[in-house]
Amino acid sequence: MAGELLVHPAVESSDCPTTEVMSSTLSGIESCVFSTVGNPGKTVRSGSQLYSCDALVTKVTGSFQAETDSSTAHGELLGDLQPEYVASCQALSLAWHPIRKTLVVGWETGHLRLWNGEKDFVSMVSPHSTPVLVLKWSKMGGRLVSVDANGLMVGWRLDSRCQLLSVYKVTLPSIPCEAVFRVSRPGPDLTGLARRAVAGDQVALDIFSAWRPRTAGRQVSVHQDNMAVYVATAQGVIMYVNETGKCQEVLQYSGRIEKLLYHDTEDGLVVVGMGQNLSYYSAESDGSLNEVTTVKLSGSGNAIVWAGSGVLACTVSDTTVRCWEPSSGETYTLSAQLPDVTAQTITCLAYSSNKGVLCGCTTVGNVVFWRHTAAGWDPLPPAKVQGVAKTCTWGGSMLAVNSSSATYIMKEHNLCAAYYRGMSAVQVSASQLIVQSAGETAELNTDLQVFGVCLSREHAAVWSNRTMAVYTVAPLSTINAIGSFGCQVDSAVLYEQSLVVASTSKLQVHTLQGTVKQTLDCDGQAISLSLTGHFLTVATINGILHMWDLSRREAKIHGKAKDLVDSISDFAEVMCARTNATGTRVALSVAGANLLPLPKIYVWDMETDSMLCHSFSAQESEVSRFVVNLYWDCEEPRLLVCETRRPTTQAHSASVLRKVINQHPSSILVSLITSSEHGLLIQDTRSMSQEFVSLVAVDTPNYIVPEQTFQSAVEKILMRDFEGLENCDAATRSAVIKFSFSLIIGDIDHAFKAIHNIHSVAVWSSLARMCVKAQRLDVARICLGNMKDTRGVAALRQAEQLPEPEARVAALAVHLGMLEEAEKLYAVCGRWDLLNRLLQAQGKWRDAVKLAEEKDRIHVRHTCHWYGKHLESQGDLERAAEIVQTS
């Protein structure tokens with residue numbers, strides 16, 4: 001059968017969220033590998049996350065297909081590259097250089113072909129006359145070995161002109177089946193590295209030129225390349241070949257060898273045999289092997305990869321992955337969380353050390369992910385491809401999945417979602433979105449690889465990086481395409497009949513059919529584009545804020561431009577900029593001079609030309625947080641909500657990081673009230689679950705977030721101040737917000753003035769809850785009176801006898817059912833006895849006993865006694881007796 005090498009382009013990815021990126025239409029695909037250098041390729045989605053790859057080579061029956069840099073969107077052949085054609089033979093092996101953009105391919109005839117990203121493939125002088133079965137690069141690319149079916153093994157080195165030169169030839173005793181290079185431990189041998197670089201060692205020169213003595217204040221270890229290699233034969237013999245080509249037998253394995261893996265931090269070799277037999281050997285300096293341990297894993301899987309430092313991940317059965325640490329012998333399992341219950345098994349595994357993500361693909365096309373953290377392995381939302389997944393591989397931050405029907409390239413992206421006055425749209429696949437409005441849901445299917453979406457009252461616009469498509473979505477039952485047009489799109493917003501599109505060089509206003517109505521002048525490239533109401537906000541790469549009013553026939557400049565470099569210290573660039581509903585304030589999150597996000601939120605008050613700031617830096621009991629997203633309320637111009645996240649790398653040790661994870665949630669929504677006189681005041685904070693994706697919008701009384709199961713577009717999370725007021729009218733919403741603002745700044749007169757016309761008990765109950773947050777018992781007494789809550793008034797009078805103000809407020813919180821707030825208040829004022837009683841009342845007996853032993857020692861026996869009584873009433877007499885004896 002004839003074989004052919006074809007190079008296809010991959011799409012440049014953008015920062016906008018997408019889903020499935022690219023699929024190859026060639027049939028008979030056998031395997032795929034990635035280059036870790038070059039430009040990014042296309043994208044595919046995994047729940048709230050998406051994945052892709054730099055340069056991909058897919059092995060087809062008789063041919064290979066390489067994904068390299070290009071700007072086309074469908075994987076066409078690279079126009080200036082001539083396919084390499086070899087008659088009557090197949091390509092059997094291939095290997096990317098770990099540092100350079102260099103590909104080596106071995107053919108059935110023994111020929112070797114080299115591609116360096118140029119127009120043509122280069123034919124090498126090959127000593128092989130039989131099929132090339134094995135091609136392997138060393139860790140740093142200093143040595144390549146090729147082994148053919150006759151057992152001829154050739155060592156190669158790559159010179160400065162990207163040509164392969166033969167170093168040695170070795171004849172092995174039988175047919176080879178697997179090879180793996182040794183890995184040297186990192187070390188600071190700069191002298192030897194420099195000496196080899198001066199002597200002409202190109203790999204040493206590459207490493208030495210790229211090395212910096214300090215990165216972010218930490219010493220960087222230099223990895224030396226180890227050019228010794230272990231080779232396994234079909235008869236179970238393991239040979240050791242050093243860097244000069246000296247060959248020796250080091251092990252006779254009892255059985256067939258499936259795979260060889262070398263430890264990345266220790267001198268150890270893992271031999272994978274038939275039937276999930278894993279043997280771990282320590283390697284001496286001369287290459288000899290000493291057996292350390294052998295295990296047999298249950299199940300019928302055959303995929304095994306390194307999943308982090310010293311951890312092996314193996315498929316065993318169904319959708320279970322077993323992890324084994326050869327050094328310690330510890331094992332544990334990971335289970336996939338899949339949306340369907342179809343019988344399936346994991347066929348292949350791949351691990352990305354850059355992202356700390358383990359990927360597994362199943363027989364029905366599900367792609368599952370786990371991310372490694374200090375607390376263990378956290379499952380991520382799965383992705384889906386068509387057909388039976390056969391192989392998967394990472395390249396840089398991107399993933400390729402080769403299935404029985406196509407090859408998919410994936411890259412992690414932010415979620416693509418939009419919201420406009422009750423209408424929402426969320427991306428669920430590469431070219432599909434769910435649109436929801438007034439309780440109705442519909443699917444929006446496009447022909448694009450969707451990178452972004454925006455909404456207006458009647459229309460939706462979706463785009464890839466080079467195409468924009470506009471649809472009518474009112475009513476949802478008849479979604480129709482208005483048209484599509486070509487243009488470069490970095491981001492876009494939609495207002496009535498106008499579409500504002502930002503690209504690298506231009507900011508233009510289009511009609512819905514694509515005609516350019518107006519070009520907006522701004523100082524530099526637009527890197528942040530947002531629309532609130534009819535106010536357009538643009539932040540440029542030069543740190544200039546521009547605003548336009550889109551309510552007129554043509555966009556009109558709104559206010560003067562603002563130079564942020566002069567207003568914000570340590571300013572580098574804007575990450576996000578949004579204007580409030582009245583166009584009077586602009587909220588900003590920015591990056592500092594080191595291009596890391598600053599733990600601050602800035603608000604530019606246009607009327608006073610002042611810059612307000614609130615810091616999320618670490619306090620005594622908190623950790624620093626960064627603003628990753630921010631939204632103004634759709635109508636209330638003073639209400640701003642920030643999505644803040646804890647940095648995952650802040651702790652210096654795993655134990656400290658586990659403590660931080662347990663005590664401080666990853667994402668917190670912080671509601672702020674903005675005032676020219678009082679600055680930025682925190683109104684409320686809300687901790688989000690680990691499954692939380694992102695904030696999409698704020699529409700009082702709800703936070704708008706993506707729905708986790710994607711059965712609908714978004715989910716509405718009710719603000720605490722509006723509990724019981726889900727369906728209140730606009731006047732009530734305004735009154736509650738004004739009351740909250742006045743209560744925060746201590747203006748009681750205006751607080752009561754805002755609610756003087758309120759007669760609803762539910763509203764007064766909500767206002768009483770606000771008094772707990774503001775710790776204003778005087779106002780709470782009036783609220784309870786309007787509620788006609790005599791028991792609450794009595795409880796408040798009794799609480800006045802407590803000396804601690806926080807304890808008095810906690811008593812009110814208990815009466816209103818705000819038990820979590822009450823626990824925090826009792827802890828703040830040190831009333832462990834009252835906190836103990838509260839825990840007992842909630843049935844949290846273990847927490848109560850623990851608190852008594854640590855903080856409330858005087859009540860240990862009392863707590864254990866009542867815990868024993870509780871167990872006795874439950875019929876657990878043995879446990880009750882044990883608790884009583886302990887007390």
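Q: In what order do the strands of the open sheet with β42 come, and is the pairing parallel or antiparallel?
A: This is a predicted model. The order is β42-β43-β44-β45, four strands in an open sheet, and the pairing is antiparallel.

Q: Which are the edge strands there?
A: β42 (452-455) and β45 (480-486), each of which pairs on one side only. From one strand to the next, the twist averages 15 degrees.

Q: How many bridges pair β42 with β43?
A: 4 bridges, with β43 covering residues 459-463.

Q: Next sheet. What is the strand order in the one with β55?
A: β55-β56-β57-β58, an open sheet of 4 strands with antiparallel pairing. β55 (573-579) and β58 (610-615) each have a single partner strand, so one side of each has no neighbour in the sheet. Neighbouring strands are turned by 25 degrees against each other on average, direction ignored.

Q: And how many bridges join β56 to β57?
A: 4 bridges, between residues 585-591 of β56 and residues 600-605 of β57, which run antiparallel. Arg585 has Asp605 in β57 as its bridge partner.

Q: Switching to helices. What should α4 span, and how far apart are its ends?
A: α4 has 16 residues (730-745), which at 1.5 Å a residue should span 22 Å; the end C-alpha atoms are 23 Å apart, which agrees.

Q: What follows α4?
A: Gly746, with a positive phi near 85 degrees.

Q: Which residues of α4 are buried?
A: Thr732, Arg733, Ala735, Val736, Ile737, Phe739, Ser740, Phe741, Ser742 and Leu743.

Q: Now α8. Which of its residues are buried?
A: In α8 (residues 790-799), Gly792, Val793, Leu796 and Ala799 are buried. Down the axis of α8, the buried residues fall within an arc of 125 degrees, so they line one face of the helix.

Q: Why would that spacing put residues on one face?
A: An α-helix has 3.6 residues a turn, so residues three or four places apart point the same way.

Q: What does the face of α8 turned away from the buried side carry?
A: The exposed residues Thr790, Arg791, Arg797 and Gln798.

Q: And what covers the buried residues of α8?
A: The cover includes α7 and α9 (805-815).

Terms used. Residues are numbered from 1 along each chain as its sequence is written. This is a predicted model: local features need pLDDT of at least 70, side-chain atom pairs count only at pLDDT 80 or more; totals for chains, interfaces and linings use all residues. Side-chain values use heavy atoms; hydrogens and water are left out. Two strands pair if DSSP finds at least two bridges between them. Helices (H or I, at least four residues) and strands (E, at least two) are DSSP runs, numbered from the N terminus. Axes are lines fitted to C-alpha atoms, for helices over the stretch in contact, and angles run from 0 to 180 degrees between N-to-C directions. The expected span of a helix is 1.5 Å times one less than its number of residues. Buried means under 20% relative accessible area, exposed over 50%, partly exposed in between (1.4 Å probe, protein chains only). The arc is that of the directions from the helix axis to the C-beta atoms. Contact means heavy atoms within 4.5 Å.
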